[in-house]
Amino acid sequence: MKPRTWSRESIPATVGTAAFSNGRGPDGNLSKGDRMKLIKCSALVSELLTAFRKEERRLLTFDRFNKYAQDVRARKDIVGAVLAETEPLDAGGIVLVLKQLGPVGGPELGMVTLEWMIEAGWPDACTIEAFNGLLSLCDRICIDQKNAFKVVEMLKKYGVQPDLFTYNLLISVCRIQGDYLKAFEIFGEMNRSHVVPSVYTYAKLIETCNHRNSGHAHEALFAYRSLLNAGTIAPEHIKTELLSCIENGCEKTDLKGALEIYAKLQAIGLAQTTRSYNAVLNTCGVRGEWIAALDVYACMKNDNVLVNTITFNAIIRACQEAGEVNKALEVFEWMIEGRGNSDRPVPADTETYNILIRACKAAGMLEKALEVFTWMQGAGVDPNNETYDEMMKTVDKARKWDDSIELGASVSELRPAPYDGMRVMYMENFLEKTLDERLAEIKLGEASWAPNHMRCPTAPPSTAPLPPTSIYHFLDADTRPSRGGSR
């Protein structure tokens, strides 16, 4: 039987190879000394786990008779029984033992083991490397913030000075839990201890501020300014994470708060970007600040910042929230004409048309909503469930208003035109609807086969000849779907 080769790949991922000091041979395998160290550490871990499992089974037997003994994980006597006759390990061996214990027994077992080693007088136990090995368990494997700070208390108890790796691990644990206040508390202690932060430190701080899109923008900006003040050039991934945090933060504040965030972006040179302007515009969209949205849009054009679909969607939404349906339609015209984008049309997406349909519904403009829907079809943009839901709500609202008028009930605002059921019937069959309207014009002189009580006012019959190729030529300039389909 071929003997097993203890290569770097054969070591469990939780052990790592940083604890090995003798390096690798020419074939990439571990040296003989490192193989012996690994075998010895693995044997100790196996003995410790066996002793603890045996004690756990005994405690479970006591529990059946309502006898509650001390938790087995908090007892150092079990560790002592296994390690008492063992020669002290070096720093690398201690880290190996702790990292192998952690995934199975948890950080508590590792803490008890390290504390016994220190009290037993092992010379390399009370080192920053051993404590960092425990913290790495709390960060990468067990994700345990509570025990991470217990390790820090234990570290201070024995007078060990934290290093950069220690602080980075603590901030990383806070990032997993989203505790940005604790992360900045650690950052302050780090500065007071004269430990110079790394780029990784600032990256984890900003990620903590944006944990689960929480968007703590001011704190993230403080971390970014600290990075710049340290004389470090910010990598692109940190800028990207910061802008994501800014976007989420602006969504959760009002216009004044968004402008304050934008002012801080100007101070660090990140204001004149599309994402920065869009963050402010999204706030305007949510709050219905359509005048402010137009002002921000004007600033974008003056700064020669490129606009995109998100830009116009935010402006149109601001107009919709404020009830300015005509202005929303006008901004849509700017969008497909490329105004503010060097006359390059900006493609509209499903959200664009949904906002316009929602605006038309709020204003009671059924026919305009149907027209927007035809633009959407002509542009080749796929509707979603929200699109159909808004269309059905628009039709239902129009029918109720028309019924109120027929009954003589007073309504606060009238629709521009009565309900046309035939247009709703053909919504999903645009080509057939257009051909039917054209045929009705030829046969009846009216662009609809609907009964008079269901028919909306129509324009005089068109005398334009039938084109051989494009069905869109049948429609007048105000209702061509190509208005929404310009690219």
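This is a predicted model: local features need pLDDT of at least 70, side-chain atom pairs count only at pLDDT 80 or more; totals for chains, interfaces and linings use all residues.
Local features were taken at pLDDT of at least 70 and side-chain atom pairs only at pLDDT 80 or more, whereas totals for chains, interfaces and linings use all residues. Residues are numbered from 1 along each chain as its sequence is written, and side-chain values use heavy atoms, with hydrogens and water left out.

Helix 16 (residues 350-363) and helix 17 (residues 366-378) pack with their axes 8 Å apart and at an angle of about 170°; helices are DSSP runs of H or I with at least four residues, numbered from the N terminus, and axes are lines fitted to C-alpha atoms over the stretch in contact, with angles from 0 to 180 degrees between N-to-C directions. The two helices, helix 16 and helix 17, are therefore roughly antiparallel to each other, a term applied to angles over 145 degrees. Helix 16 contributes Thr350, Tyr353, Asn354, Leu356, Ile357 and Cys360 to the contact, and helix 17 contributes Lys368, Ala369, Val372, Phe373, Trp375 and Met376, where contact means heavy atoms within 4.5 Å. The residues of this contact between helix 16 and helix 17 comprise nine nonpolar, two polar and one charged, with Ala, Val, Leu, Ile, Met, Phe, Trp, Tyr, Cys and Pro counted as nonpolar, Asp, Glu, Lys and Arg as charged, and the others, Gly among them, as polar.

Nine aromatic pairs are present in the structure, a pair requiring ring centres of Phe, Tyr or Trp (its six-membered ring) within 6.5 Å, with planes under 30 degrees apart counted as stacked and over 60 as edge-to-face. The rings of tryptophan 116 and tryptophan 122 have centres 6.1 Å apart and planes at 80°, so this pair is edge-to-face. For tyrosine 297 and tryptophan 334, the ring centres are 6.0 Å apart and the planes lie at 15°, so the pair is stacked. This pair links distant parts of the chain, as tyrosine 297 belongs to helix 13 (residues 290-302) and tryptophan 334 to helix 15 (residues 325-337), 37 residues apart. Both tyrosine 297 and tryptophan 334 are buried, that is, under 20% relative accessible area (1.4 Å probe, protein chains only). Ring pairs also join Tyr297, Phe312 and Trp334 into a cluster.

Asparagine 278, located in helix 12 (residues 274-287), counts as buried at 5% relative accessibility. Leaving aside residues up to four places away in sequence, asparagine 278 touches Met300, Asn308, Ile310 and Thr311.

How values were computed: Angles under 35 degrees count as roughly parallel, over 145 as roughly antiparallel, 65 to 115 as roughly perpendicular and the rest as oblique. Buried means under 20% relative accessible area, exposed over 50%, partly exposed in between (1.4 Å probe, protein chains only).
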